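Student: I would like to go through the labels attached to this model and see what each one rests on.
Tutor: Then we take them one at a time.

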Amino acid sequence: MKARIVIDRELCKECHLCIHACKKSLIVSTAELNSRGYHPVSCAENEECTGCTLCAISCPEVAIEVYRER
């Protein structure tokens with residue numbers, strides 16, 4: 001099953017909980033700043049995402065959505 005991760009960069013507060021939660025190391029920090037002054041995370045390789053949703057579950061700001069393809 002393929003899946004893709006969508007991150008709302010404006011909601012991200014740079015806590016990095018999702019980085020530690022992702023078993024495939026698909027989520028990485030960025031050097032950019034969002035409008036709130038945080039460095040939001042980004043998804044490195046959506047092709048390998050299994051859709052486990054651990055990243056979304058771990059995000060306290062609800063900035064991550066995972067979509068699974070059937």
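Tutor: Start with charge: Lys and Arg count as positive and Asp and Glu as negative, while His and the chain ends are not counted. The model is a predicted one.

Student: What makes up the charges of the protein chain, and how far apart are their mean positions?
Tutor: By that count there are 9 positive and 10 negative charges, and their mean positions lie 7 Å apart.

Student: How many salt bridges does a search of the whole structure find?
Tutor: The search gives 2. One joins the side chains of Glu32 and Arg9, and the other joins Glu61 and Lys13.

Student: Why is the contact between Glu32 and Arg9 called a salt bridge?
Tutor: The term asks for a side-chain nitrogen of Lys or Arg within 4 Å of a carboxyl oxygen of Asp or Glu. For Glu32 and Arg9 the N to O distance is 2.6 Å, so the pair qualifies.

Student: What does the pair of Glu32 and Arg9 tie together?
Tutor: Glu32 sits in the loop between strand 2 (27-29) and strand 3 (41-43), and Arg9 in the loop between strand 1 (3-7) and helix 1 (17-21), so the pair links parts 23 residues apart in sequence.

Student: What is the distance for Glu61 and Lys13?
Tutor: Their closest N and O atoms are 4.0 Å apart, and the pair is listed as a salt bridge. Glu61 belongs to the loop between helix 2 (54-58) and strand 4 (64-68), and Lys13 to the loop between strand 1 and helix 1, so this pair ties together parts 48 residues apart in sequence.

Student: Which accessibility class do Glu61 and Lys13 fall in?
Tutor: Glu61, at 30%, is partly exposed. Lys13, at 34%, is partly exposed as well.

Student: How do you know that the radius of gyration agrees with a compact globule?
Tutor: For 70 residues the rule gives a value near 11 Å, and the protein chain has 11 Å, so the two agree. The C-alpha trace spans about 35 × 20 × 20 Å along its principal axes.

Student: In what order do the elements of the protein chain run?
Tutor: From the N terminus on, the order is β-α-β-β-α-β, which comes to 2 helices and 4 strands.

Notes:
Residues numbered from 1 in each chain as written. Predicted model: local features only at pLDDT ≥ 70, side-chain atom pairs only at ≥ 80, totals over all residues. Heavy atoms only, no water. Buried < 20%, exposed > 50% of the residue type's maximum accessible area, 1.4 Å probe, protein only. Rg over C-alpha atoms; globule rule 2.2 N^0.38 Å. Charge placed at Lys NZ, Arg CZ, Asp CG, Glu CD.
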